[in-house]
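This report goes through selected features of the model shown below. It starts with the ligand sites and then turns to chain B and to single residues.

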Amino acid sequence: MNKKVMVVGGGIAGLSAALELSQKNIQVELVEKSCFLGGKAIGFTCKATDKCQQCGACLVEEVLRDVVGQSNINIHLRTEIDSVVKNGKFKVKLKKSDSIPKEDKVLTGFSKYNSPYKVVIGTPQDSKDGVNIDELGTQGELDVDAIIIATGFTPFDPTARATYGYGTWENVITALELENMLRSEVKVIKPSNKQRAKKIGFIQCVGSRNKEFNSVWCSEVCCPYALRMASMIKYRYPDTEIWIFFIDIQNVGKNYLSFLEQINSEVKFVTATPIDIFPDKEDKVRVAYKDDIEDKRILEPFDLVVLSVGIMPNEDNKVLSKMINIDLSEDGFFREIDLMEPNLTSQEGIFLAGTTTGPKDILNTISHAKSAVCETLTYLGGKK
Amino acid sequence: MIEININPDVLVIGGGMAGIMAAQRIRKQGYSLSILDQGQGFEPDACYKMESSSYYSQTIEELKKDPSITWIKEAQISKVEGRYGDFKVYFKSGTKVEKKNFGAVVIATPYSYVPVFDEYGVEPDHNIFSVNHLSKLLSENKAPKGTCVFLTTFKEETNPVSFKNIILNAIELGNSGSNVYIFVKNVKAASPGLEKLILHAKENGIVIIKSDKPPQLIVENKCPNVIFYDPLIKKDIQISADYVIIEDKIIPNEKNQEISDLFGIHTDSNGFLQTNNVRRIPVFTNRKGIFVVGSAAGIKPLPYILTDAIDASCEIQGLIKEGGKVEIEETISIDQEKCVRCLTCYRVCPHGAIYWDVDRVAISSLVCEGCGICSAECPMNAIQIKEYSDDKIKGQLKDILKSKGDGPTIIGFCCKNSAFEAVKGAKDLGVDLPEGFKVIKVPCAGKIDVDYVLEALVKGADGVIIGACYKDNCKSEKGNIFASYRIENLKKSLAQIGINPNRVELLHVASNMPREFCLKLKELTEKITDITS
Ligand SMILES: Cc1cc2nc3c(=O)[nH]c(=O)nc-3n(C[C@H](O)[C@H](O)[C@H](O)COP(=O)(O)OP(=O)(O)OC[C@H]3O[C@@H](n4cnc5c(N)ncnc54)[C@H](O)[C@@H]3O)c2cc1C
Ligand code: SF4
Ligand code: SF4
Ligand code: SF4
Ligand code: SF4
């Protein structure tokens, strides 16, 4: 098939779609806004204890490796789509992205591993085998036969929950930051003194399941990632004390029964939504919550508080949706045309993959991306 | 080159939601197929009935008109032979046995259910029944009216699929004028749209009561009373119910074990037909050409039954294309002169690639995943994988040990799916690997023959490290387990002949953790250096 497909977004959804297409001998134009491929998930830690906990993070690494090795995938880093015109095919105008998303800074350490795409900001010593950031970005027009939208999600910004002090208190971090820390440092560090954090509090549902924030959905991934990280930390550093503040615990993995049983013996679960977080004089952060049963306010000290931020619609969705003329759901995610058509949109030839349609873990994202490719191939086959 | 015939027909097992969706998608790709129902009948799974029975009936009507579909009703599979490209399946119905050939098989067995009456110490009655029974009443417009209490399973905790079904049933009861209560330990909201649905239910007066312990159910004069402790007011509260409706716990289809045995498919510990291994995502099994969809693989919200169905159809398209003859390279071979027909290889192959061919043991290169478990286990060294032959690996060893430096030399036999990638990552990241650490790539830790390790030690290596995937992460399911028991045994023998067994170690790692691998490696290298210096 002598066809060309554009994949917008190079997270695990876009990567899986690109790889699948390329294996079916379709030329792929992969457009990624940031300087790196892999999206959020490339920065995740392995969560294995004495056995794999099925978090899926290693798959991202492997798919990325395979994509970079394919000759029929053109990768456009630091590039966005500027306009789309449909006339049988799609004429897509590309532009250099002027925003350098936040996570690039976080992921600088992994950027080199995304070889051969080594990106250099400024002129560090090893610039000889890196690409300068200013050189990245594609401008111009491309004709493609179909488009897959895989632009992913935006993690909830916890500064919106002002009383949690994220951004103000050093020792309050997001789970995304914890993922990145564990992957690069292999242990949990208290930012204020760079020592190992020995008492950690996770706060669940930050930003999710919340009418006030207009986010009436469960992000589905945060119970699994938090509990798996907790279990892994306990396995490697058994002297760590871990508390989890939650509303409802969701099932984790296929063997959730035995997993929940085990994790119950390892960490302390508290049914409460903390009210307030602030530091004390001993360089601890205090989590203030109401104990409903005792009916009193408790101030529990921690070395580190981790906010289990949820999956929110990508900030770009509004602009993108106008550009490609596809409605968003009332929640702000891209909407499938029908519950029974998980990848189709109101525009023939444009397909959806991954968290762009709503919360999904890595494994569900991969299977969603594969089905998007399947639908794309059916569309291309029918068009001939 | 070997020529192999690919049969373009597909078998779908199961006539529930997953089976029908898979069938529809596979037909869309143009393959003719047979759909087998093993006695459950063609019906949507009870847990999805409320959600989409109309979609199901529409689809099945559409499929019934399709002349390229054969419906096999109430038959059992009695025997399966062959492999991807040409499965021979024997169907038994009554005393009749019929053989059919398929290029690929899709397993889509529906769920089974157990209502958890036991958990509450009650027997079903006219006013105590299961959720599935309630759905049936509702579909017949026989909605019970009054105070209705739903009890979910507390022992095992419910799941988003069952919970969504309960909420949908509850909303309908509420709409017909009943007072509805739902007892649950944790509200399971992790499914597309479910949190909204729960909110909608609450706004419509349905009361969801969360509690750590299950409420008590006491039946007096045939009237069920539900008693629970309210921690806020520190008192027991009693609800006199007109109806108590009990969750149907979803369990794997009771035929799954039989199918697993017939097709040589590994199950997870629950009995679903896909192991709990991320490398099987989305629809793969340990055998090429056999796919699992939806309810056969695990408990999944409806949208993922669909993506599974689509994915399976796409995989089939990739595998059997137009059917007909395909040519493949021979990647693995058995030296028939050496082979003593002990069948060890046949027993250990996780991918069903080894079979008995008239009077000798044969391997299908089409199906072989190249893990090398068989070649390491063969007592006669009769099996060679072309890319990783004994000669090649021993040659690499020789080359490495020829140019030995001053410091200790440590050979790392690294699985290409995990440790080898981690080492590559470490190099790209610029993380220092211990100096004398030399890598030899293997297709799976299961390929590592004890011979290789011994040869390395004999020829002058100071230590040997085997880099394997974590348990439950092996592409070949058991390669890392074979490796670990071989190393355990080897250590014992080493100790007996006076070689410090700690010179050989096994390390588990994931491909995305180069730094972690380096840290562990350093620790071990230091230990080995201490031993040998
Ligand atoms: C803290 C945290 C921890 C998690 N841990 C786990 C876990 O352990 N296991 C698990 O299974 N899941 C986990 N998840 C969920 C996981 O992150 C998602 O399943 C996964 O990242 C989804 O991939 P995606 O490709 O859909 O989206 P993303 O990862 O968001 O990727 C989208 C890509 O598109 C690019 N992009 C965005 N907008 C544009 C645009 N306009 N033009 C071009 N490109 C664009 C982005 O730069 C990005 O590279 C976690 C989530 C969070 C928040
Ligand atoms: S825990 Fe996650 S990253 Fe680690 S091996 Fe398992 S799936 Fe891979
Ligand atoms: S997965 Fe857990 S933490 Fe995340 S939104 Fe759902 S209930 Fe809250
Ligand atoms: S294990 Fe070796 S000797 Fe035994 S049957 Fe297989 S090839 Fe022959
Ligand atoms: S190499 Fe692995 S898959 Fe191939 S025949 Fe041997 S055991 Fe089976």
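This is a predicted model: local features need pLDDT of at least 70, side-chain atom pairs count only at pLDDT 80 or more; totals for chains, interfaces and linings use all residues.

## Ligand 2

The surrounding residues come from chains A and B, so the site is shared between chains.

## Ligand 5

Ligand 5 is surrounded by 14 residues. The closest are Cys349(B), Cys368(B), Cys371(B), Gly372(B) and Cys374(B). The shell around ligand 5 divides into 10 nonpolar, 3 polar and 1 charged residues.

## Chain B overall

Chain B contains 14 helices and 28 strands. Its C-alpha atoms fill a box of roughly 85 × 65 × 40 Å along the principal axes. Chain B has 533 residues, of which 57% count as buried.

Among contacts in chain B with a separation of 6 or more, 71% are between residues 24 or more positions apart.

## Helix H12 of chain B

Helix H12 of chain B spans residues 450-458, and its buried residues are Tyr452(B), Val453(B), Ala456(B) and Leu457(B). They cover an arc of only 130° around the axis, and therefore lie on the same side of H12(B). In an α-helix there are 3.6 residues a turn, so residues three or four places apart point the same way.

The buried residues of H12(B) are covered by several elements of chain B, including helix H10 (390-402), helix H13 (479-496), and strands E25 (410-415), E27 (463-468) and E28 (504-508). After H12(B) comes Gly460(B), which has a positive phi near 115°.

Ser22(A) is part of helix H1 of chain A, residues 12-23. Its relative accessible area is 3%; the cut-off for buried is under 20%, so Ser22(A) is buried. Apart from neighbours within four places in sequence, Ser22(A) contacts Val28(A), Gln70(A), Asn72(A) and Ile73(A). Between Ser22(A) and Gly349(A) there are 327 residues in sequence and 18 Å in space, taken from C-alpha to C-alpha.

Ser135(B) belongs to helix H3 of chain B, residues 131-139. Ser135(B) has 7% relative accessibility and so counts as buried. Beyond its neighbours within four places in sequence, Ser135(B) is in contact with Met50(B) and Asn169(B).

## Backbone exceptions

Most residues other than glycine have a negative phi, and most peptide bonds are trans. Where is the cis peptide bond with omega of about -5°? It joins Ile281(B) and Pro282(B). Pro282(B) lies in the loop between helix H6 (256-263) and strand E19 (290-292) of chain B.

Asn325(A) is not a glycine, yet its phi is positive, near 60°. Asn325(A) is located in the loop between helix H8 (317-324) and strand E20 (350-352) of chain A, and at 51% relative accessibility it counts as exposed. Leu343(B), also not a glycine, has a positive phi of about 70°. Leu343(B) sits in the loop between strand E21 (332-334) and helix H8 (344-348) of chain B. With 30% relative accessibility, Leu343(B) counts as partly exposed.

How values were computed: Residues are numbered from 1 along each chain as its sequence is written. Chains are lettered from A and ligands numbered from 1 in the order in which they are written. Side-chain values use heavy atoms; hydrogens and water are left out. A residue is near a molecule or strand if one of its heavy atoms lies within 4 Å of it. Buried means under 20% relative accessible area, exposed over 50%, partly exposed in between (1.4 Å probe, protein chains only). Helices (H or I, at least four residues) and strands (E, at least two) are DSSP runs, numbered from the N terminus. The arc is that of the directions from the helix axis to the C-beta atoms. Contact means heavy atoms within 4.5 Å. Ala, Val, Leu, Ile, Met, Phe, Trp, Tyr, Cys and Pro count as nonpolar, Asp, Glu, Lys and Arg as charged, and the others, Gly among them, as polar.
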